Amino acid sequence: MKTELETIPVWDGLRSGSECFICDLMNRAQEDAVDYYLGPAIMVPEIRVVINQKGFCPTHFKALADRNKAQSLSLVLDTYMTESDKTLQPLLDKITSSSSPRKTLKLFGELENMNENREKVCLVCDYMNDRLERYVRTVAALFRDDADFRSELAKGKGFCMHHTIELAKCAKEELSGSLLNDYLTLLARLMKENLERCHDDDVYLSQKYKSENKDKPWNGCEDAHKRCVRKLFGESRILAK
Ligand SMILES: [Zn+2]
Ligand SMILES: [Zn+2]
């Protein structure tokens, strides 16, 4: 299936001057997915069946709860918990009535496995993963097809470490030969130079708090600590894959 490219949001992201516009797009994707799973979709029986089977990872169940849409989430949880009770309750009954510690611990091992499997799947992560794939492929396709994009990208702030690696992993879907190598080496150069820039800003910020520097300007470094964390680790990462 041909991937639909997302030229407009990717160009807008690049022009925004963000430390990682893929993070920004993924923040929005997460919000959209949470809206979707608290909206009219939950009244569609087929969607509810999928929610009951797959559910959400811990991070995204918390994101759903933090929206304070009690009416929607209570409905979703009712059928989700009814479905999960089919396997969970019999296991809890077995543990409750177990008389040997060895067997009880073994049953707790089963509970741990069941829980790990449940937390590994997430419909919000699936939704975000689909968007991420389109965004990273669009960046590579624009690099291939659009000379203006290539030059803007080379002058920009690059991406966070996490999304730099995602961009590199998907690059060969759109690029090959020397262009592929030009792209990959550009991604690494952007990572190197922009990490250094963030680090320099962080040093300036740390020195600014010394009493002898209290009258010096902030030089736009007030948020350098936050930008460093973002550059190193990214935001709205997909946890369940
Ligand atoms: Zn990022
Ligand atoms: Zn998730």
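## Basis of the model

This is a predicted model, in which local features need pLDDT of at least 70, side-chain atom pairs count only at pLDDT 80 or more, and totals for chains, interfaces and linings use all residues. Residues are numbered from 1 along each chain as its sequence is written, and chains are lettered from A and ligands numbered from 1 in the order in which they are written.

## Helices H5 and H6

Thr87 lies in helix H5, where helices are DSSP runs (H or I, at least four residues) numbered from the N terminus. Helix H5 covers residues 70–96 and packs against helix H6, residues 101–119, at an angle of about 160° with the axes 9 Å apart. Axes here are lines fitted to C-alpha atoms, for helices over the stretch in contact, and angles run from 0 to 180 degrees between N-to-C directions. H5 and H6 are therefore roughly antiparallel, a term for angles over 145 degrees. Their crossing is left-handed, that is, the near helix is turned anticlockwise from the far one by less than a right angle.

On the H5 side the contact involves Thr87, Leu88, Leu91, Lys94 and Ile95, and on the H6 side Thr104, Leu107, Phe108, Glu110, Leu111 and Met114. Residues are in contact if their C-beta atoms, placed from the backbone, lie within 7 Å. Sorted by class, the contact of H5 with H6 has seven nonpolar, two polar and two charged residues. Nonpolar covers Ala, Val, Leu, Ile, Met, Phe, Trp, Tyr, Cys and Pro, charged covers Asp, Glu, Lys and Arg, and polar covers the others, Gly among them.

## Two threonines of H5

Thr87 is 142 residues from Val229 along the chain, and their C-alpha atoms are separated by 40 Å. Thr79 is also placed in helix H5. With 14 other C-beta atoms within 10 Å, Thr79 is partly exposed. Apart from neighbours within four places in sequence, Thr79 is in contact with Arg48 and Asn52. Between Thr79 and Trp218 there are 139 residues of sequence separation and 53 Å from C-alpha to C-alpha.

## The largest nonpolar core

The largest nonpolar core has 35 residues, of which Ile22, Val124, Met128 and Val139 touch the most other members. Such a core is a set of buried Ala, Val, Leu, Ile, Met, Phe, Trp, Tyr and Cys residues joined through C-beta atoms within 7 Å. Helix H2 (21–38), helix H7 (123–145) and helix H10 (177–208) are the elements that give two or more residues to this core. H7 provides the largest share, 11 residues. In soluble globular proteins, nonpolar side chains tend to be buried together.

Leaving out residues up to four places away in sequence, Val124 touches Gln30, Ala33, Val34, Tyr37, Phe56 and His60.

## Phe21 in H2

Phe21 is found in helix H2. It counts as buried, with 25 C-beta neighbours inside 10 Å. Phe21 touches Gly13, Leu14 and Ser16, when residues up to four places away in sequence are not counted. Phe21 and Cys160 are 139 residues apart in sequence, but 8.8 Å apart from C-alpha to C-alpha.

## Helices H9 and H10

Helix H9 (residues 161–170) packs with H10 at an angle of about 175°, the axes being 10 Å apart. H9 and H10 are therefore roughly antiparallel to each other. Met161, Thr164, Leu167 and Ala168 of H9 meet Leu184, Leu187 and Met191 of H10. The residues of this contact are six nonpolar, one polar and no charged.

Lys172 sits in the loop between H9 and H10. Lys172 counts as exposed, with 12 C-beta neighbours inside 10 Å. From Lys172 to Arg137 the C-alpha distance is 9.2 Å, at 35 residues apart in sequence.

## Loop residues with positive phi

Most residues other than glycine have a negative phi. Asn68 is not a glycine, yet has a positive phi of about 55°. Asn68 belongs to the loop between helix H4 (58–66) and H5, and is exposed, with 8 other C-beta atoms within 10 Å.

Asn219 also has a positive phi of about 55° without being a glycine. Asn219 lies in the loop between H10 and helix H11 (224–233), and is exposed, with 11 other C-beta atoms within 10 Å.

Technical notes:
Angles under 35 degrees count as roughly parallel, over 145 as roughly antiparallel, 65 to 115 as roughly perpendicular and the rest as oblique. Two residues are in contact if their C-beta atoms, placed from the backbone, lie within 7 Å. A residue is buried if 20 or more other C-beta atoms lie within 10 Å of its own, exposed if 12 or fewer, and partly exposed in between; C-beta atoms are placed from the backbone.
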